Amino acid sequence: MANSSSKDVILGIAGKELRSFLGNPTGYVFLTLFIALCAGAAFWPREFFDRNLADLATLNRQMPLILMLFVPAITMTLWADERRAGTDELLLTLPVRDTEVVLGKFLGAVGVLSIGLVFSLANVGVLAYLGEPDVGLMFSTFLGYWLMGTLFVAVGMIGSLLTTNVTVAFVLGVLACAAFALAQSVAIGGGVIGIALLAGLASLGWLVSFGSGIHAGYAALVGAFIGVVLWLGDVVPGFTGLFGAFDAPSHFASFGEGVIRLGDVVFFIGGTAVALYLCGLLLSRRHW
């Protein structure tokens, strides 16, 4: 009975978030831009026609960047709007668990992401018109898009939890997603991710240990400083390469080739679970 009630709460919150996004004209603008960017990335490059293959290889290279911008547009209002309006206090006083609230909002955002990907299946229709795309390859490719998108949703939710300003939440979400999207695309990507993770761990460690977020920012600065020393001081050999393993495009690559590797699936699901856990910790801080 309790499990049924918990499920109803999660689905209720998810439905509320989905209706909120789709009930706003801005939501349709973002969805339209997402679909247009996907179509442009897939068929605009001359390389698509030069290769003469019915696949989405040209889109695969750009999808991490597209999701890096589209997903934060979904997550930016999940918490920031409620905190700005004060409705988060009402939500947190209801007889619901933090886990249910986090999962409900997460599923609502994933629902919007899924709608965008469903509409972008029109690209497969274009491929079918031009040639004979492999069904298995298309399935694995879109599964990879979805898994990468869910990871970015969970990461973007953290950014929305940290501020009451929607614009700031969007910027934080983009920066957080960029860390995963560009970890190996830029020379310093892995090092920046390492510094950010150490700063986040230090901040969360302070929150868990002392139950107050007043000086958590200073803890984050200490963690970031330690990261800089470890990276630039070469205290830990391979520091950049270690955190470069968080590069989302590298883990997505096999999906784009029609191969579903267990390690890549675990990376996306595990990363999503960790980000959602961090959301739960940040939300529980509001009760302290």
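A: In this predicted model, a residue is called buried when its relative accessible area is under 20%.

Q: Which residues of helix 10 are called buried, and what makes them so?
A: They are Val166, Ala169, Gly173, Val174, Cys177, Ala178, Phe180 and Ala181; the word applies because each has a relative accessible area under 20%. Across the protein, 45% of the 288 residues count as buried.

Q: How do you know what span to expect for helix 10?
A: The expected span is 1.5 Å times one less than the number of residues, and for helix 10, with its 16 residues at positions 166-181, this comes to 22 Å. The helix reaches 22 Å from its first C-alpha to its last, and is therefore close to expectation.

Q: Which UniProt feature lists residues 162-182, and what is the helix content of that span?
A: An unreviewed UniProt entry lists these residues under "transmembrane region", an annotation that may be inferred rather than shown by experiment. In the model the span is 76% helix and 0% strand, with end C-alpha atoms 22 Å apart.

Q: Why is the set that includes Leu59, Met63, Phe152, Met157 and Phe268 called a nonpolar core?
A: These residues belong to the largest such core, which has 60 residues; the name applies because its members are buried residues of the listed types, joined through side-chain atoms within 4.5 Å. Helix 9 (residues 135-161) gives the most to this core, with 14 residues.

Q: What does Phe268 touch, leaving aside residues up to four places away in sequence?
A: Phe268 touches Leu147, Met148, Leu151, Ala248, His251, Phe252 and Phe255.

Key. Residues numbered from 1 in each chain as written. Predicted model: local features only at pLDDT ≥ 70, side-chain atom pairs only at ≥ 80, totals over all residues. Heavy atoms only, no water. Buried < 20%, exposed > 50% of the residue type's maximum accessible area, 1.4 Å probe, protein only. Helix = DSSP H or I, 4+ residues; strand = E, 2+ residues; numbered from the N terminus. Contact = heavy atoms within 4.5 Å.
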